Amino acid sequence: MRAARWSPELMAGQPGTERGVLRHYVGGRFLPVDATFPKISPVTGRMILEVAEGDEETVDTAVSVARRALHGPWARTSPDDRAALLRRIADELERRHEDLVAAEVADTGKSVSQARTLDVPRGAANFRAFADLIAGAPLEAFQTTTADGRRALNYAVRRPVGVVAVVVPWNLPLLLTTWKVAPALACGNTVIVKPSEETPSSATVLAEVMDRASVPEGVFNLVHGHGPGAAGELLTSHAGIDAITFTGESGTGSAIMRSAAAGLKAVSFELGGKNAALVFADADLDAAVAGTTRSVFTNGGQVCLCTERVLVQRAVFAEFRDRLTDQARQQRYGWPADPHTQVIPMISHGHRDKVLSYYHLATQEGATVLAGGGVPTFGDDRDGGAYIQPTVLAGLGSDARVNREEIFGPVCHLQPFDDEDEAVQTANESDYGLAATVWTSDVHRAHRVAPRLEAGLVWVNSWFLRDLRSPFGGMKASGIGREGGRHSLDFYSELTNVCVEL
Ligand SMILES: NC(=O)c1ccc[n+]([C@@H]2O[C@H](COP(=O)([O-])OP(=O)(O)OC[C@H]3O[C@@H](n4cnc5c(N)ncnc54)[C@H](O)[C@@H]3O)[C@@H](O)[C@H]2O)c1
Ligand SMILES: O=C/C=C/C=C(\O)C(=O)O
């Protein structure tokens, strides 16, 4: 089955594309195209479309129209007005569902089944979640009585932080962009989105959605382009930006933090991870094998929450190792348009080379390759793509680079442990602290172990099960801050406490 090809014809007549080129959206209009860069299909290695490259003038214009909009009619909207707008956006995202599926599939090579069930539905879900949150957000207030008998009423009011830079990666493009844009708009901010240069298409459809939903001019802006020394860096270092929400590599986070330091910008960082799965001997092994297969190989392992370190209690190590290895070998190859496809390409040849270099490093460090370890051959156009074999490794210690550095591909390393303390200690031996999974049938063990793990997110007998009101984010090199529910309100708004003596 041929890949669902994203092509201008799919969007013929839509405003976001001009003669096969994806456009910026600034001040309520799609801009004429100037400089461009190619978008290469990770499935075939061929160019599928061109994208406008934002320059200093594009970024300056976006920032100035966003600032102007901040003080226009948008400033006079109520939380209920903004909730109604977010719900209109969600409706329009659902109306464009298949275009968004086609955009995500063409840009990333992910299967239509994942795009239809995870990536695209989360777009509307994010907007609905924050519409509900802002519509019902209580004010924090206290009736004050002081020791010397004075009485007062204290209450805190929220106001937008201002112009927010939204810089996102390529792995779950629409999910991650809307995860940030929805709360930012809910709180009355204006935004400038800089999607990854690898995944410009769904962001362009999102701009069409905003346009159709009559989002006020300048409230939502989209600037395409690269990161270092280009649109991304121009945006995050711009004096007119009030806050930066960024998801991407930890090294990039450090670079952005340096450029934001001069202006003391508020930052929310969702960064890299080296997530551990802890499988105890008392676990339901069927569930643990199925759940760890998902948490290792979903989206080709290109999810920040994916498991790369699998720690298994010694009594069940051999059985778990053999069953997970079988699952890796049974991962189904296919075209993205085939809903049964499980093996997807890396986002680019460059990223595949990075993942492959870790496969080679693992053998150099003395690992045993239990499954995969190389590049598949298809005998068709996909040989020009960035495919790589799902891989299972074993035999290394926690100090090996393969167990310390984020790979961000369809690969995990299996390591035995004897007792609970050793499992927790091994899991915590990481510069990262984003996510973990704990597989056990002992509820007391689950509640003992989970809080001891140095991770922002711990799933027990599950993975990537999300409540959008809960805090989401990592510690250590995995991030700064939390988003989700009221945590997003706290980042995307400033609080003023008012004290009235009674
Ligand atoms: N913690 C999370 O929630 C989460 C979610 C998804 C991905 N990630 C991480 O993202 C990484 C993969 O995504 P990626 O390769 O796109 O990350 P990346 O850091 O290379 O790029 C992310 C975005 O930042 C831009 N960018 C790059 N350098 C920049 C700079 N100097 N200034 C401003 N912008 C810049 C890029 O153009 C892109 O839009 C992995 O490390 C993964 O762990 C984390
Ligand atoms: O690859 C990273 C996944 C991030 C997921 C979320 O931000 C979310 O589920 O809200």
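**The surroundings of ligand 2**

Mentor: A polar side-chain atom of Asn171 lies 2.7 Å from an oxygen atom of ligand 2, where a polar contact is a pair of N or O atoms within 3.5 Å; within protein, one must be able to donate a hydrogen and the other to accept it, and residues adjacent in sequence count only if both atoms are side-chain atoms. The side chain of Arg122 likewise has an N or O atom 2.7 Å from an oxygen atom of ligand 2, and for Arg466 a polar side-chain atom is found 2.7 Å from an oxygen atom of this ligand. Taken on its own, ligand 2 has 310 Å² of accessible area, of which the protein covers 99% (Shrake-Rupley method, 1.4 Å probe; for residues, only the protein chains shown count as cover).

This is a predicted model, in which local features need pLDDT of at least 70 and side-chain atom pairs count only at pLDDT 80 or more, while totals for chains, interfaces and linings use all residues. Residues are numbered from 1 along each chain as its sequence is written, chains are lettered from A and ligands numbered from 1 in the order in which they are written, and side-chain values use heavy atoms, with hydrogens and water left out.

The residues around ligand 2 include Leu172, Leu175, Leu176, Trp179, Val303, Cys304, Phe464 and Phe472, a residue being near if one of its heavy atoms lies within 4 Å. Helix H5, residues 173-186, gives the most to this shell, with 3 residues (helices are DSSP runs of H or I, at least four residues, numbered from the N terminus).

As for confidence, the model scores ipTM 0.95 and pTM 0.97.

Note on methods:
Helices (H or I, at least four residues) and strands (E, at least two) are DSSP runs, numbered from the N terminus.
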